[in-house]
Amino acid sequence: MTGKILVLDSVATNRIVMKVKLVSARYETLTAATCKDALQLMEREKPDLLLINLSDPVEDSHQFCKRLKANPKFRDTAIVAIGIADTSRARFAALDAGADEVLPHPISDAFMLARIRGLLRRRIANLEWDIRNETSQALGFEEEVVPILAPAHLCLAPANANRASVLKNLFANLTQFSVSFRIGAEALSTSADNVSSEVFVIDAWNIDACALVSDIYSRPNLRNSQIMVVAPKGRSDIAVQALDFGAGEVVYDDISSNELAIRIDGLIQHKRRQDKQRKCVLSGLEAATLDPLTGLYNRRYAKTYLKGVAEQAFEKRESYALLIFDIDHFKQINDRFGHAHGDLVLKKVANCLEQIFRSLDLVARIGGEEFLVAMPETSLCQAELAAERVRETISRESFDFDRAESTINITVSAGVAVNDVLGKCLTPPEVLFSKADAALYEAKSSGRDKVALSAHAA
Ligand code: GH3
Ligand code: MG
Ligand code: MG
């Protein structure tokens, strides 16, 4: 895995030893001796991860970590703290200062590299969501800020009933979380409380915790959860494996409740941030592709989609049809009944189109009162029948609205065209669209409430 790591340590030999380890693991490695130099390098080189020795006798490295985490520019730079004694107090102080991981003396290289891999994976995921979010925002869809107030729900998965009491003790003081218990693989159950679990805490005592981790990530309804693995003290082999399987946190079962709380909190913050980013991107995509009035696809989406339909039809030598529907004298409806009633008519027509066409057909609103339907694997004759059905259904339908003085009767005209299946090259959708549009014009000029076919296959 590639990544740029900055090592901050005032002792030259420490820097050199660490650099050798990181470079041999194929990381681009920078070094700094002071917080000031480190900050300059962070500004200039934008490392993905900072490995900081917290036992610097001259500088307040804890304070430096705090300042970095409070700065939006460096908020996502992972921090791994080293150089502290292996006491719960020292570990807590490092995590509290903003470190994402603490590696007390003596450092296990295997564990350190596994943790770095995990943190870099998380950073890449965050950056990807940020880019997508920026795209959504550039398209004009602002980030929606939804404060989350509910306490986080955790699912604890002890290996067996005896271990359940160990985990219960561990979590006894963490009353800020709501907790449920599932023994071993029962953690995969899809009961409501489980699906709403933000964090799974898997006990690696006598069970294959890694299999459970990958099983959870493979389930669509659970895969956005965070996972903490509780390994028996001293089993760094399990810890390394669990990290490489994607566990967000691995702790040993002698962890203090303070440290446990801060680590669980970190996972929850991370998950909530990703959920928010995901939601934002999805609603941005929705807004970019759907017409807000009718819920149908919009012109922009239809244009991209049609390319795919045309290519597939050409590859399989199949015909596909484009149908354009336009409401007749729609302006008069607005003029007589008002714009709001006009909107209701548009919605009802959209609904009618959705009912009539198959799920593999694309139905889009491409203009004020114009709709486009793309029908893959469809002949001219089949498309004509479908268009006739729409025309007839709408002309029969009466549109009653509460405050309208009378019912509204409307009609639509349609133009239909199909591609040339025997053609030597692909029919561009724009060409077919022009043919269908010309047919629609014909339907309009020959009296409206009509379906017209394009004379020649495009
Ligand atoms: P034709 O039979 O030739 O198609 O006549 P028409 O009146 O349907 O066509 P024209 O293009 O003259 O008018 C379309 C009208 O659609 C004008 C515009 O105000 C209205 N319109 C466009 N978008 C909306 C919308 O979102 N809501 C409502 N209520 N009206 C819309
Ligand atoms: Mg029109
Ligand atoms: Mg019209």
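Axes are lines fitted to C-alpha atoms, for helices over the stretch in contact, and angles run from 0 to 180 degrees between N-to-C directions. Helices (H or I, at least four residues) and strands (E, at least two) are DSSP runs numbered from the N terminus. The model is predicted: local features need pLDDT of at least 70, side-chain atom pairs count only at pLDDT 80 or more, and totals for chains, interfaces and linings use all residues. Residues are numbered from 1 along each chain as its sequence is written, while chains are lettered from A and ligands numbered from 1 in the order in which they are written.

**First stop: a helix pair**

Select residues 209-218, helix α8, together with residues 236-244, helix α9; their axes come within 9 Å and cross at roughly 15°. The two helices are therefore roughly parallel to each other, a label given to angles under 35 degrees. Next, display Ala209, Cys210 and Val213 of α8, which meet Ile238, Gln241 and Ala242 of α9 (contact requires C-beta atoms, placed from the backbone, within 7 Å). By class, this contact has 5 nonpolar, 1 polar and no charged residues; Ala, Val, Leu, Ile, Met, Phe, Trp, Tyr, Cys and Pro count as nonpolar, Asp, Glu, Lys and Arg as charged, and the others, Gly among them, as polar.

**Second stop: the parallel sheet**

Turn to the open sheet of 5 strands, in the order β2-β1-β3-β4-β5 with parallel pairing (two strands pair if DSSP finds at least two bridges between them). Strands β2 (28-32) and β5 (101-103) stand at the edges with a single partner strand each, so one side of each is left without a neighbour in the sheet. Neighbouring strands are turned by 20° against each other on average, direction ignored. Helix α1 (residues 12-24) packs on this sheet, touching β1, β2 and β3 (49-53), and its direction makes about 170° with that of β2. Within the sheet, select β1 (residues 4-8), which is joined to β2 by 5 bridges; Val7 stands opposite Thr31 in β2.

Select residues 370-375, strand β13, where 5 of the 6 residues are buried (20 or more other C-beta atoms, placed from the backbone, within 10 Å of a residue's own; exposed means 12 or fewer, and partly exposed lies in between). Strand β11 (residues 321-327) runs antiparallel to β13 and is joined to it by 6 bridges, with Met375 as the bridge partner of Ala321. Strand β12 (residues 362-365) also pairs with β13 in the antiparallel sense, over 4 bridges, and a hairpin joins β12 to β13 through 4 residues.

Key. Angles under 35 degrees count as roughly parallel, over 145 as roughly antiparallel, 65 to 115 as roughly perpendicular and the rest as oblique. Two residues are in contact if their C-beta atoms, placed from the backbone, lie within 7 Å.
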